[in-house]
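Please open the structure in a viewer and keep the selection panel at hand.

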Amino acid sequence: MSNILAIDASTRRTGLATMIDGILKYDVISSAATAPEKRIGIMRDGIIKFIKENNINTVVMEEVRPDGMNNHTGKLLTWLQGCIVVAIYEYDKNISVEFIGPSSWRSILGLQGYRIQRAEQKKRDIEYANKTYGLNLTQDQDDEADAIGIGKYVSEVLNKQVEICNWEV
């Protein structure tokens, strides 16, 4: 059985979620550093620490889709994603890293809507995580909610293909 880490990566707040032995564990790595390179390093180090502490062997991350975002944001998120992949590879070459599009995981969980604004989408993600797992995430915990949703998607889709983990509580 795999220990899967679901990541909603950002240079300011990166959401992490995993389900180990039926227990949902979620966290966020935050940085208010001015330099994006510093924030990216903080995210990288926090993710590797989480992987080590939880014996993670599969990572699923929301992929960067630069269309629809400004060039600077797209560039920083692409740098972050590349940095995370390299750091994981350097830590353990056997850890599998997969990417999933935002609309893919939301669609499977019934959260995708046509032309829904980002704020409303984040609100839906938080409501889903709270309802599904009996949590009390607040409006500023959308990164954690997204990571939880990505993990649930992986369970829903990949559990049908291979035995990994069960995100049912």
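The stops below cover strands, a core and a pocket in a predicted model.

Begin by selecting strand 1 (4-8) together with strand 2 (residues 13-20). These two strands run antiparallel and are joined by 4 bridges, and a hairpin of 4 residues links them. Leu 5 lies opposite Thr 18 of strand 2. Strand 2 is mostly covered, with 6 of its 8 residues buried.

Met 19 has Leu 24 of strand 3 as its bridge partner. In the hairpin between strand 2 and strand 3, 2 residues separate the strands, and Asp 21 adopts a positive phi near 50°.

Now display the side chains of Leu 5, Ile 7, Ile 47, Ile 51 and Val 59, the residues that touch the most other members of the 19-residue largest nonpolar core. Strand 1, helix 1 (36-54), strand 4 (58-62) and helix 2 (71-91) each contribute at least two residues to this core; helix 1 gives the most, with 6 residues. Centre the view on Ile 7, whose contacts beyond four places in sequence include Leu 16, Ile 47, Val 59 and Ile 150.

Finally, turn to the largest pocket, which holds about 1000 Å³ of space. Select Glu 62, Met 69, Pro 102, Arg 118 and Lys 122, the closest to its centre among 31 lining residues. Helix 2, helix 3 (102-108) and helix 4 (118-133) each supply at least two residues of the lining, and helix 2 has the largest share, 6 residues. Colouring the lining by residue class separates 8 nonpolar, 11 polar and 12 charged residues.

Note on methods. Residues numbered from 1 in each chain as written. Predicted model: local features only at pLDDT ≥ 70, side-chain atom pairs only at ≥ 80, totals over all residues. Heavy atoms only, no water. Core = buried A, V, L, I, M, F, W, Y, C linked by side-chain atoms within 4.5 Å. Buried < 20%, exposed > 50% of the residue type's maximum accessible area, 1.4 Å probe, protein only. Contact = heavy atoms within 4.5 Å. 1 Å grid on protein atoms, 1.4 Å probe; cavity = no way out; pocket = protein on both sides within 12 Å on 5 of 7 lines; lining within 4 Å. Points joined across faces, edges and corners; volume = space filled by probe spheres on them. Nonpolar A, V, L, I, M, F, W, Y, C, P; charged D, E, K, R; others polar. Pairing = 2+ DSSP bridges.
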